[in-house]
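Have a go at each task before you read its solution.

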Protein chains: 2
Amino acid sequence: MDTQFQKKSKPRKRNEASILSAAEDVFAELGFAGATTSLIARRAGIPKANLHYYFPTKQALYRAIINNIFTIWLQAAETFDDCDDPGEALSRYIRAKMDIARKHPLGSKIWAQEIMQGAPQIQDFLETTLKGWTLSRVKIIKRWIAEGKIASVDPAYLLYMIWATTQHYADFAHQINTLNGGQALSDKQYEEVTSNAVTIILRGIGVQVQE
Amino acid sequence: MDTQFQKKSKPRKRNEASILSAAEDVFAELGFAGATTSLIARRAGIPKANLHYYFPTKQALYRAIINNIFTIWLQAAETFDDCDDPGEALSRYIRAKMDIARKHPLGSKIWAQEIMQGAPQIQDFLETTLKGWTLSRVKIIKRWIAEGKIASVDPAYLLYMIWATTQHYADFAHQINTLNGGQALSDKQYEEVTSNAVTIILRGIGVQVQE
DNA sequence: GTCTATAGAATGATAGAC
DNA sequence: GTCTATCATTCTATAGAC
């Protein structure tokens with residue numbers, strides 16, 4: 001029988017989950033090279049040998065986490081509709097990205113470090129999925145410009161600005177918290193930050209925003 | 001005699017320079033924990049023991065590089081004048097930050113990783129210099145708002161957006177290059193990116209921009 | 001599935017000859 | 001100042017008893 005369709009045993013499920021959670025933490029903090037399996041195991045509350053029983057190598061564990069991050073990325077990507085109203089489409093996309101930055105800051109940090117290291121594990125994703133998605137959105141934005149719905153800006157650079165601004169709140173949360181009196185942004189503050197970003201970017205490309 | 005004022009010998013100068021350059025490279029790529037002194041020494045073209053002769057510990061080497069980054073940071077900070085014209089002041093600041101992102105991408109990456117790791121080495125800088133500078137600029141931006149020169153936006157969030165957008169071009173250069181056909185942005189493209197960022201942000205806060 | 005013990009390689013750092 | 005040789009430690013990963 002193919003074991004692929006067998007149910008995972010209860011301890012396997014529990015252990016894999018706590019290993020993945022601990023690993024996300026450690027990889028985000030120390031990067032792939034800096035992370036150690038013994039630290040991950042300690043944080044997961046299991047002996048190191050058990051970690052290697054579930055994930056044979058550090059790479060395999062890392063790739064499992066990268067896969068989760070892709071899922072989240074796609075989730076946000078889908079909110080950027082081919083919509084007639086650029087204000088609505090972009091506002092929805094920026095809000096989705098801000099939401100992800102708040103809910104999955106570790107994934108964002110791991111992504112950032114991957115890119116900084118030259119994307120050794122995800123280069124194919126950048127060249128296929130990300131590139132394809134970006135080109136299709138560039139097309140939509142160009143149409144908006146041609147239709148006079150938004151100002152004439154370079155579509156790619158607009159996307160970069162959205163990525164930069166939203167991911168900044170995950171990647172640089174520690175700096176922001178320090179400047180916020182050592183406190184994480186409250187839900188209210190985070191909603192303000194989000195509105196602020198939406199307003200500046202939309203107004204910046206010539207879309208009227210109701211305040 | 002105090003040796004502090006003795007001239008550095010020629011080989012010391014040369015070796016320190018190539019170690020610092022190689023270390024900047026490796027720390028940017030692998031973070032503090034991931035970087036190894038043997039890799040830094042290899043890239044600097046000297047035996048590992050020599051590296052430890054010039055910089056006793058990995059930490060000492062890292063701190064020397066962090067100091068350089070502070071110098072660069074202050075350089076950009078000074079371009080944000082207390083100016084009557086917010087368009088001029090902000091445009092100059094954004095351009096200075098973009099310039100630094102292009103000229104010192106490694107420093108930007110090291111900074112980013114420091115923050116992501118909870119700023120173990122630079123927390124005091126965040127709490128003193130950075131916080132003080134930010135508060136003083138927040139004050140200036142608030143005055144501009146009170147005088148009706150720019151729209152009512154949260155000053156801190158505006159600064160975060162500027163930091164995010166400009167540093168993104170250093171930290172995520174690899175991703176941007178991949179989407180740019182595997183080529184680094186040309187001087188012309190970089191000037192376009194810069195203008196684009198200035199335009200969107202200024203227009204986003206209600207400042208007229210000449211196109 | 002779990003865990004002790006450990007192999008084998010790499011790490012930060014140093015001793016000491018030149 | 002330079003560099004070989006090396007120490008003590010830590011790393012990834014595994015063997016094998018339970």
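Buried area is the accessible area, taken with a 1.4 Å probe, that two parts lose on being put together, summed over both. Keep in mind that this is a predicted model.

**Exercise 1. The two domains of chain A**

Task: find where chain A is divided into domains, then work out how much area they bury between them.

Solution: 
- Start with the bounds: domain 1 of chain A runs over 8-56 and domain 2 over 66-204.
- Next, the spacing: the C-alpha centres of the two domains lie 29 Å apart.
- Now the contact, which draws on 8 residues of domain 1 of chain A and 6 residues of domain 2 of chain A.
- Domain 1 and domain 2 of chain A together bury about 570 Å², and carbon and sulfur atoms account for 59% of that.
- On the domain 1 side, A:Glu24, A:Ala28 and A:Phe32 provide 64% of the area buried against domain 2 of chain A, more than any other three residues.
- Finish with the polar side: between these domains of chain A there are 0 salt bridges and 1 residue pair in polar contact.

**Exercise 2. Chain against chain**

Task: describe the interface of chain B and chain A by its area, its polar contacts and the elements that chain B brings to it.

Solution: 
- Count residues: chain B puts in 52 residues and chain A puts in 52 residues.
- Get the area: chain B and chain A bury about 4800 Å² between them, with 65% on carbon and sulfur atoms.
- Look for the top residues of chain B: B:Met116, B:Tyr157 and B:Leu179 lose the most area to chain A, together 17% of what that side buries.
- Check the pairs: the two chains share 0 salt bridges, but 16 residue pairs are in polar contact.
- List the elements of chain B that give two or more residues to this side: α1, α6, α7, α8, α9 and α10.
- Of these, α8(B) gives the most, with 11 residues.

**Exercise 3. Helix α10 of chain A**

Solution: 
- α10(A) covers residues 187-204, so at 1.5 Å a residue its 18 residues should span 26 Å.
- The end C-alpha atoms of α10(A) are 25 Å apart, which agrees.
- Pick out buried residues, under 20% relative accessible area; in α10(A) they include A:Tyr190, A:Val193, A:Ile200 and A:Leu202.
- The buried residues of α10(A) pack against α5 and α8 of chain A, plus α8 and α10 of chain B.
- Just past α10(A), look at A:Gly206, whose phi is positive at about 85 degrees.

Terms used
Residues numbered from 1 in each chain as written. Chains lettered and ligands numbered in written order. Predicted model: local features only at pLDDT ≥ 70, side-chain atom pairs only at ≥ 80, totals over all residues. Heavy atoms only, no water. Helix = DSSP H or I, 4+ residues; strand = E, 2+ residues; numbered from the N terminus. Expected span 1.5 Å × (residues − 1). Buried < 20%, exposed > 50% of the residue type's maximum accessible area, 1.4 Å probe, protein only. Contact = heavy atoms within 4.5 Å. Domains from an automatic or database assignment. Salt bridge = Lys/Arg side-chain N within 4 Å of Asp/Glu carboxyl O. Polar contact = N/O pair within 3.5 Å; in protein donor to acceptor, adjacent residues only side chain to side chain.
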